[in-house]
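Take a look at the model below.

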Amino acid sequence: MRSRLGSAVGAVVATAAVLAGCGGGDDGGRVTLNFWAYNEPSGSFRAAADRCTEQSDGRYRIAFNPLGNDPDTQRQSLVRRLAAKDSSIDIMSMDVIWTAEFAEAEWIKPWPEQFASKVREGTLEGPLQTATYEDELYAAPANSNTQLLWYRKDLVDGEPPRTWDKLIDTASEMEEGGQIEIQGAQYEGTTVLFNSLIQSAGGEILDGPDKVGLEQEPTQKAVDVMAKFGRSPAANPSLENQKEDQGRLAFEQGQAAFQVNYPFIYPSAKDGAPEIFKNLGWAEYPSVEEGGPSKAPIGGFNWGVGNYTEHPELAFEAATCLRSDENQRSFALDGGLPPTLEAIYDDPKFEEQYPFGDLIRRQLDDPGVRPASPLYADVSLAIYKTLSPFSDIDTDTVVDALRERVSNALKSQGLL
Amino acid sequence: MLCAPAIIVMIAVTAYPIGYSVYLSLLRADLRFPNDNEFVGLDNYVTVLSSSLWWNDVFHTVVIMVVSVALELVLGMLLALVMHRALFGRGLVRTSALIPYGIVTVVAAFAWRLAWSGTEGGFLAGIGPIPDDPLTDTFWTYVVVIGTEVWKTTPFMALLLLAGLALVSDELHEAARVDGANAWQRFWSITVPLMRPAILVALLFRTLDAFRIFDSAYIIGLNGTNPKIETVSILGYNQLLNRLNLGLGSAVSVLIFLMVMLIALVFIKGLGTSSPGAQSR
């Protein structure tokens, strides 16, 4: 009887210990921090988590939880948990456009000065702006991103055209590989393109966090480019389903002489399409008007700290580690994602391995930042639902339609 | 009194969520601004019902529903007859016919999408009349979505019909045969009328299911990015999970619920007026 009782007690204790371990809490003084992030295909985000775990001297362990592949699904997964005040989100990868929304909803913690000052030090201005809302730092820029115009030197004579108009004309006249790979599906990528076009033409989508911009002339010019492209032979027949990765694939398969895309295509072509890689050239993102600014898109991830975390201090510390010089180099060289730390661009060795680094840094000086608004997701939805597919754009009425839908979106109204 | 626990459970899992959705649909409620909820009456319904997007999506949904259920009925009936008549390997026939129904919808939808998608290397793209990227073509997208639905749920239809077939007695068939009725006449004048209740139940189940279609249209529409195949459920999902707009999203959900009720009502009235004996001669 006694021994039975003893083993029963033993079993209960053991079960309790197992349960505590499952709870992701403290095992032997070591805290488990949950890092929810885009599962960057080269694995560099996961590798950074492991590296920081090692460097923490056993104080914390970072558990990597992969999010979906496109920004919309990543946001949905996070938002669903955050709205329910889930304490298991310690650190998360946030697309640069979420800062205002997440901050306003109090889903992320503002960075305390001691950590914020460390993040600001040596970080490029453009990426830093994307992590700031109402003068407070809400996230740490982990990587930046911008699109370049990639082209095939074996098909294009000399420098590629500088404006969208000429680029579309040039590609349309080509006999071989006459496509330009652009993102045109009903998703964030279409808003990215539209934002760059309207800013390049001198306009803005929003005039402040809750006011519609969309001035007549620049908006008209932007939608004209999109409509022209959508109806031209330079468009991929599947344009209305094209996202970044589909564009990359079509380019690697040799269908296109041009593609507008992020630099992740560089390491990918190197491994997957050596023939194309041999002749791969790059140039500045096209502009709407000759000599005008190109306002290339700025993207990237910022690390945010969840507002409901039980270990805020450690989370800030770990998030800082996850964007260290060493980790940012790995994001860039393995994953193709441009760094946010200025010093890395000045390193000659980096320039050698990342030959378009200088161009990227120049584009990041004057990028096409998407509007900061707590209702950005709705605004973006209104834009891409109105503009994609490009070939259906009615250039006479679309500007008014855009204004109406964006203004509804800013009031949380209208079906989108 | 003894059924009280059951009633409490039913209220907790059905009545409360439905009631809460109806309540939310009367609010301007956005999860991003949890403190700004306000009562707006029927505004959300006006917004939804006056939006062309809603009616487009209703149209898409009805097209998928009608075509896929019609095909399923015909194919399901054939399958049921085969299963009913099979003399050898009856168990094998039934099991293999049921396999598609056992596959998770999301997996089935991905299998179909990957088989058809031009950009994702589908082997069917570009064969014969099929365009290079069928999933960008409206007609072919519907073919693929409806194909997925039919492939997956025909076994379910067949199973319900099989139960109905078992009710038809062999003596009636033999009598008809003696009177000189051919196979088609026997099927149409004896089997179908006697099976009518089973057919209607099968149709009701499938129609309700088909109206709420989400998974396959979402995945074959490239994660909900293809507006040509957006269904009402995807629309509701977008309002609720993309925009976190609980008010509008709940209004969409309640409207879907009402339409499902309407469909059920039509069917049940149909069922009520047709007792098996009354129709057969």
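The paragraphs below go from the domain contact to the chain contact.

This is a predicted model: local features need pLDDT of at least 70, side-chain atom pairs count only at pLDDT 80 or more, and totals for chains, interfaces and linings use all residues. Residues are numbered from 1 along each chain as its sequence is written, chains are lettered from A and ligands numbered from 1 in the order in which they are written, and side-chain values use heavy atoms, with hydrogens and water left out.

Start inside chain A. Domain 1 of chain A covers 7-144 + 299-365, and domain 2 of chain A covers 148-295 + 375-410. These bounds come from an automatic or database domain assignment. The C-alpha centres of the two domains lie 29 Å apart. Each domain gives 16 residues to the contact, where contact means heavy atoms within 4.5 Å.

Together the two domains bury about 1,400 Å², 70% of it on carbon and sulfur atoms. Buried area is the accessible area (1.4 Å probe) that two parts lose on being put together, summed over both. On the domain 1 side, Ile97(A), Phe356(A) and Gln363(A) lose the most area, together 36% of what that side buries.

Polar links between the domains come next. The rule finds zero salt bridges here; a salt bridge is a side-chain nitrogen of Lys or Arg within 4 Å of a carboxyl oxygen of Asp or Glu. One residue pair is in polar contact, both at pLDDT 80 or more. A polar contact is a pair of N or O atoms within 3.5 Å; within protein, one must be able to donate a hydrogen and the other to accept it, and residues adjacent in sequence count only if both atoms are side-chain atoms.

Now turn to the contact between chains. Here 37 residues of chain A are in contact with 33 residues of chain B. The two chains bury about 2,800 Å² between them, and carbon and sulfur atoms give 50% of that area. In chain A, Gln76(A), Asn241(A) and Leu415(A) lose the most area to chain B, together 24% of what that side buries.

How many salt bridges are there between chain A and chain B? The count is five. Lys228(B) forms a salt bridge with Glu240(A), with the closest N and O atoms 3.7 Å apart.
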